Amino acid sequence: MRDVVVIGGGHNGLVAACYLARAGLDVVVLEQSDKLGGGTRTDELIPGYRFDTHSVAHNLIQATDLVDDLALEDVGLRYVEMDPFSVAVGRDGAIVRFHRSVERTVASIAEVSPVDADRYRAWMRDAMPLVRVLSAGLSGSSRGAWRRAPGLALAAGRALRRNGGPVGVAELLASPYRSLLEQRLATDRVRGPVAAFAAHASASPGATGSALFGLWQAFYHQVGQWHPLGGSQALADALARRLAGHGGEARAGAPVERILRRGNEVAGVVLADGSTVAARCVVAAVEPQVALLELLDPPLTGPVADRLRTTHRGNAVQSLVLLAVDRLPAYPGARPGDHAGLQSFVDALDPLVDGFAQAEAGRLPADPVPTYAFTPSALDPTLAPAGRHTVYLACPCAPARLRDGWAGDREAFADRMIDTVEDRAPGFRGSIVDQVIRTPADMATELRWPGAHPMHLDVSLDQLGPLRPTRALAGHRTPVAGLFISGAGTAPVGGVSGAPGRATARAVLRSFAR
């Protein structure tokens with residue numbers, strides 16, 4: 001009998017396994033696909049070209065001490081900063097550069113929208129302390145908490161003073177980020193690219209309670225945006241090496257069909273091949289509804305299950321076009337470094353708002369398709385042959401469920417996304433050597449993500465922090481003794497942070513200590 005079976009070899013499952021193995025437990029990770037990584041996979045989809053198949057930049061994990069705590073650099077993990085973390089490329093050729101430095105960003109804004117330069121500086125001044133407080137829960141580390149407490153208390157005081165006190169902060173967080181951006185910034189020249197970055201959370205600019213994602217602009221100035229050398233897979237690979245070093249085991253190609261329970265206690269798992277792995281504890285690092293309402297045999301019932309069943313996810317998710325090219329996009333007026341981070345092609349708020357509305361109705365967005373790009377090979381030559389590059393194109397408001405299905409629209413929609421770039425980088429289409437299209441339908445099938453949602457569940461105020469996925473399950477324990485949940489759909493938040501994995505491991509260790 002194993003001490004712990006972890007279902008799901010994404011980064012959160014691997015983080016949990018590393019901490020549990022480090023504590024001396026006998027741990028095995030079971031991953032359904034052909035290799036570890038989940039949303040942090042990097043695959044050679046075109047000969048010689050390696051692509052991140054979902055996550056392409058790691059930001060949240062930089063707000064934690066997890067990389068140091070697990071000594072992941074000692075097992076080969078290396079990060080390089082993407083600065084500027086974002087550039088906005090307008091159809092008229094104008095470029096706004098968002099650097100880690102607020103002052104360098106303000107100087108860039110002043111070149112194209114002088115009225116917004118001072119407004120952006122003032123907004124970041126007001127947002128910085130609030131975002132510092134809101135992001136404090138990501139760390140998940142108790143080490144040095146007493147040293148951080150005075151700084152957080154000071155930041156909380158400043159956040160309240162600069163944002164209208166408790167009522168003002170509550171009003172701000174309850175508002176849509178469209179309203180926030182229209183209040184703080186004067187022109188779509190700056191609002192558009194900030195909204196494009198906020199849309200990463202799969203939330204419309206018009207969604208009530210989405211202001212947090214606009215405020216998160218300050219987080220990038222605080223923490224930066226980072227690329228793992230070798231691609232996103234480098235994080236999963238480093239975690240797998242650390243797990244092996246602690247005596248743990250990870251198996252790919254081992255899909256779990258059922259979580260066994262005897263009465264109100266977990267007993268282990270049954271794999272698709274019919275084999276059984278008995279365990280004292282099971283950590284399900286998969287979508288929580290799937291874990292407790294589908295895999296668990298018999299499924300969870302009662303009020304906790306009823307509340308979990310009503311957790312929600314929107315229909316607007318990402319659709320990707322992964323391109324092998326013989327040169328980087330040639331933006332008129334580009335400067336060295338402009339291909340380091342996200343390249344945004346969203347000129348205004350309205351097309352993004354409309355794109356999300358269309359997606360919720362099961363329709364494709366209108367032209368120009370809201371699109372952004374990453375060109376990670378500009379920082380990491382290991383991803384492409386010499387003199388060649390990779391381009392990651394994403395539409396953040398593609399419908400997971402398209403009215404007539406994706407089969408008849410995948411190529412045409414990819415062409416429309418490429419056209420959006422061609423308008424800003426003439427000749428881009430001619431640089432394309434090959435391409436791979438990844439629609440929401442593809443990702444839902446491959447990753448077993450319901451609705452192809454990268455966060456598993458919406459990151460909304462009612463499903464965030466101590467309410468994720470529900471208040472009863474936010475501690476990662478379940479009503480079934482020995483069964484725990486982890487992953488992007490659990491507390492505190494989705495994204496590449498590892499915080500849910502570490503929090504789950506701590507919950508497991510507390511249960512073993514009793």
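1. In this predicted model, Lys35 is partly exposed, its relative accessible area being 25%, whereas Asp43 counts as buried at 12% relative accessibility. The two residues are joined by a salt bridge in which the closest N and O atoms lie 2.7 Å apart.

2. A salt bridge also connects Asp338 with Arg97, with 2.8 Å between the closest N and O atoms. This pair links distant parts of the chain, since Asp338 sits in the loop between strand S14 (316-325) and strand S15 (342-344) while Arg97 belongs to strand S7 (residues 95-98), 241 residues apart. Asp338 is buried, with a relative accessible area of 2%, and Arg97 likewise counts as buried, at 4%.

3. Within helix H8, Arg191 and Asp188 are three residues apart, about one turn of the helix, and their side chains meet in a salt bridge of 3.8 Å, N to O. Arg191 counts as buried at 14% relative accessibility, while Asp188, at 28%, counts as partly exposed. Elsewhere, salt bridges that share partners join Arg2, Asp26, Glu249 and Arg251 into one network, and the whole structure holds 33 salt bridges.

4. Helix H7 (residues 177-184) packs against helix H8 (residues 188-198) at an angle of about 150°, the axes being 10 Å apart. Because angles over 145 degrees count as roughly antiparallel, H7 is described as roughly antiparallel to H8. The crossing of these two helices is right-handed.

5. At the contact, Tyr177, Leu181 and Glu182 of H7 meet Arg191, Val194, Ala195 and Ala198 of H8. These contact residues divide into five nonpolar, two charged and no polar.

Methods. Residues numbered from 1 in each chain as written. Predicted model: local features only at pLDDT ≥ 70, side-chain atom pairs only at ≥ 80, totals over all residues. Heavy atoms only, no water. Axes fitted to C-alpha atoms, helices over the stretch in contact; angles between N-to-C directions. Helix = DSSP H or I, 4+ residues; strand = E, 2+ residues; numbered from the N terminus. Parallel < 35°, antiparallel > 145°, perpendicular 65-115°, else oblique. Left-handed = near helix turned anticlockwise from the far one by under 90°. Contact = heavy atoms within 4.5 Å. Nonpolar A, V, L, I, M, F, W, Y, C, P; charged D, E, K, R; others polar. Salt bridge = Lys/Arg side-chain N within 4 Å of Asp/Glu carboxyl O. Buried < 20%, exposed > 50% of the residue type's maximum accessible area, 1.4 Å probe, protein only.
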